[in-house]
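Subject: Structure for your review

Dear colleague,

Please find below the structure that I am handing over to you. I would be grateful if you would read the notes that follow it with the model open.

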Amino acid sequence: MKRSFLIILSSALVITIMTYLIGGSSLLTEGFRVSLNTALQSALMLVASFLVIGQIQVLLSKEVLDQWLQRFSGIKGVVMSALAGGLFPGGPYIYYPFVVSFKGKDIPFYIIISFLYGKMVFDVTRIPMEISLVSPTVALVRNIITFPIPIIVGLIAERYLANRTMDSFLEEIGDADGSNHDNS
Amino acid sequence: MAQTTIILSALALALTLVNAKTTGKHLEGLRVGFRQLAQTAPLILGAFILAGMIEVLVPAEFVQNWLSAEAGIRGILLGSFGGMLLAMGPYAAFPIIGSILASGAGLGTTIALITSWCILGMIKAPFETAFFGPKFFIYKTLCSIPFCIVAGLVGHLVEMVVL
């Protein structure tokens, strides 16, 4: 979070200076007016969005999703793990260690890849933000269009990497040091 | 926008009630939500400033030529690769994408941009490389680019035919 904040802060500073240099104080004022308008219009939506995110995070514990991932296989496994990924709370600093915690449990690689793509594409905790900060129409159309992606990726992996577990796949591609991150 | 706020508020209320009935941890849910809001508020504020400046800085001709629905495949390709460069979380990336949309970007471009940010955003690169290795990161990136382009093309088609 600190790193993202620093990136945004420095980018905002650079672009604010650029705005002033390009368009003077009138363009700068216009920029701040647009920013303030967006902030005011989104304030209530943001509060509601974070209340939704908080409740989802408490409702769907890691333990529930952990059981879910280990129960299914085949096409059902692809769909269920993609959905589990979409429901899994937290950023990459939480879900990558969670995935690596399955090391040694002989979970097929396609289940893992479906979960990762499900998290990246579906992520339910991100939808309220997408609706409030981009546009409800774009969020709806984007989610419908991209819905099949994790399932297609999972099915391709199931077809071509069916015999690989996460451990064997990582050994095969050779350069991951998963053992250092084993949380199991 | 008011409609969206009402829908999200109703959803928050419904989830609070479900949580109260099933887990009894609804207050913890509220705490988690407010804590996360407080933690990300400075980030969102910074992103709003960035997005506002982008909106007034990006020339209308650039949007028209490169990002609008009329730009077609050019905008979709630009979106598919541009999303990768947004190395930031949703609180920062969405206001920027929203400002690009407000400047006049087409639906196809916006969808390619969001899809690319979701799947290929550089914020994930350090984690993927650390946990799965650089080869996995490269394979995943190369295999995922076509999905972003196709998503953008479908979005463009929806805009042309339906919206």
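This is a predicted model: local features need pLDDT of at least 70, side-chain atom pairs count only at pLDDT 80 or more; totals for chains, interfaces and linings use all residues.

Residues are numbered from 1 along each chain as its sequence is written, chains are lettered from A and ligands numbered from 1 in the order in which they are written, and side-chain values use heavy atoms, with hydrogens and water left out.

Salt bridges

Side chains of opposite charge can pair when their charged atoms come close. A salt bridge here is a side-chain nitrogen of Lys or Arg within 4 Å of a carboxyl oxygen of Asp or Glu. By this rule there are 4 salt bridges over all chains.

One of them joins Glu130(A) to Arg142(A), with the closest N and O atoms 2.8 Å apart. This pair links distant parts of the chain: Glu130(A) is in helix 6 (residues 127-133) of chain A and Arg142(A) in helix 7 (residues 136-146) of chain A, 12 residues apart. Helices are DSSP runs (H or I, at least four residues), numbered from the N terminus. Both Glu130(A) and Arg142(A) are buried, a term that means under 20% relative accessible area, whereas exposed means over 50% and partly exposed lies in between (1.4 Å probe, protein chains only).

In chain B, Glu128(B) and Lys140(B) form a salt bridge, their closest N and O atoms being 2.6 Å apart. Glu128(B) lies in helix 7 (residues 125-132) of chain B and Lys140(B) in helix 8 of chain B, so the pair ties together parts 12 residues apart in sequence. Glu128(B) is buried, at a relative accessible area of 1%, and Lys140(B) is buried at 6%.

Lys119(A) and Asp123(A) also meet in a salt bridge (3.3 Å, N to O), and both residues are buried.

A buried residue

Ile149(A) belongs to helix 8 (residues 148-160) of chain A. Its relative accessibility is 5%, so Ile149(A) counts as buried. Leaving aside neighbours within four places in sequence, Ile149(A) is in contact (heavy atoms within 4.5 Å) with Tyr117(A), Val121(A), Thr115(B), Ile119(B) and Phe147(B).

An exposed residue

Leu163(B) lies in the segment after helix 8 (134-161) of chain B. Because its relative accessibility is 57%, Leu163(B) counts as exposed.

With kind regards

Conventions: Helices (H or I, at least four residues) and strands (E, at least two) are DSSP runs, numbered from the N terminus.
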